[in-house]
Amino acid sequence: MLLRYKKAFEKISMGLLSFMPQEKDMKKLLETIHQYETNPEWHLFVWKEEEDFIGIIGVRVDETIGIIQHISVSPSHRGEGIGKEMIQTLPNILHTSSIQPSEEIKPFFEKCQIEKEED
């Protein structure tokens with residue numbers, strides 16, 4: 001289930017974001033979380049299954065287009081299709097005309113699109 005970020009999710013969100021290569025540095029990670037907390041165009045969501053937060057996806061909305069800035073899944077849950085599910089659920093929550101990846105997310109996003117077509 002995709003849930004909108006709340007301040008109470010800050011530590012788990014930072015942990016999940018830290019799995020992304022460009023978010024390894026603590027200062028950069030704090031700046032990223034601050035951007036999601038303060039910029040109305042940036043939206044952060046966590047993926048929760050039962051009692052565990054296992055994924056995170058961050059989107060910047062540019063008019064009617066959602067641009068995925070960050071996506072990460074806990075290493076112990078990778079390969080289960082959670083990233084793909086987050087991407088597929090996002091348009092229903094954001095009410096955007098389309099969802100596109102940032103350059104950093106593009107390879108993963110395209111992989112999800114290919115798998116979706118094969119289903």
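Predicted model: local features only at pLDDT ≥ 70, side-chain atom pairs only at ≥ 80, totals over all residues.
Me: Hi! How many residues are in the largest nonpolar core?
Reply: The largest nonpolar core has 32 residues. I57, I68, M86 and L90 are the ones with the most contacts inside it.

Me: Nice. Which helices and strands supply at least two residues of this core?
Reply: Among the helices, α1 (10-17), α2 (26-38), α3 (82-94) and α4 (106-118) each do. The strands β2 (42-49), β3 (52-62) and β4 (65-73) each do too.

Me: And what does I57 touch?
Reply: Leaving out residues up to four places away in sequence, I57 touches L2, H43, L44, F45, I68, H70, I71, M86, I87 and L90.

Me: Switching topic: where is S74 found?
Reply: S74 sits in the loop between β4 and α3.

Me: Is S74 buried or exposed?
Reply: S74 counts as buried, because its relative accessibility is 15% and the cut-off for buried is under 20%.

Me: Which residues does S74 touch?
Reply: Not counting residues up to four places away in sequence, S74 touches L16, F19 and I54.

Me: Great, now pockets. What volume does the largest pocket have?
Reply: Its volume is about 410 Å³. The largest pocket is lined by 21 residues, and I71, V73, R78, G83 and F108 lie nearest its centre.

Me: Which element gives the most to that lining?
Reply: α4 does, with four residues. β4, α3 and α4 each supply at least two residues of the lining.

Me: Last one: how do the lining residues divide into nonpolar, polar and charged?
Reply: Nine are nonpolar, six are polar and six are charged.

How values were computed
Residues numbered from 1 in each chain as written. Heavy atoms only, no water. Core = buried A, V, L, I, M, F, W, Y, C linked by side-chain atoms within 4.5 Å. Buried < 20%, exposed > 50% of the residue type's maximum accessible area, 1.4 Å probe, protein only. Contact = heavy atoms within 4.5 Å. 1 Å grid on protein atoms, 1.4 Å probe; cavity = no way out; pocket = protein on both sides within 12 Å on 5 of 7 lines; lining within 4 Å. Points joined across faces, edges and corners; volume = space filled by probe spheres on them. Nonpolar A, V, L, I, M, F, W, Y, C, P; charged D, E, K, R; others polar.
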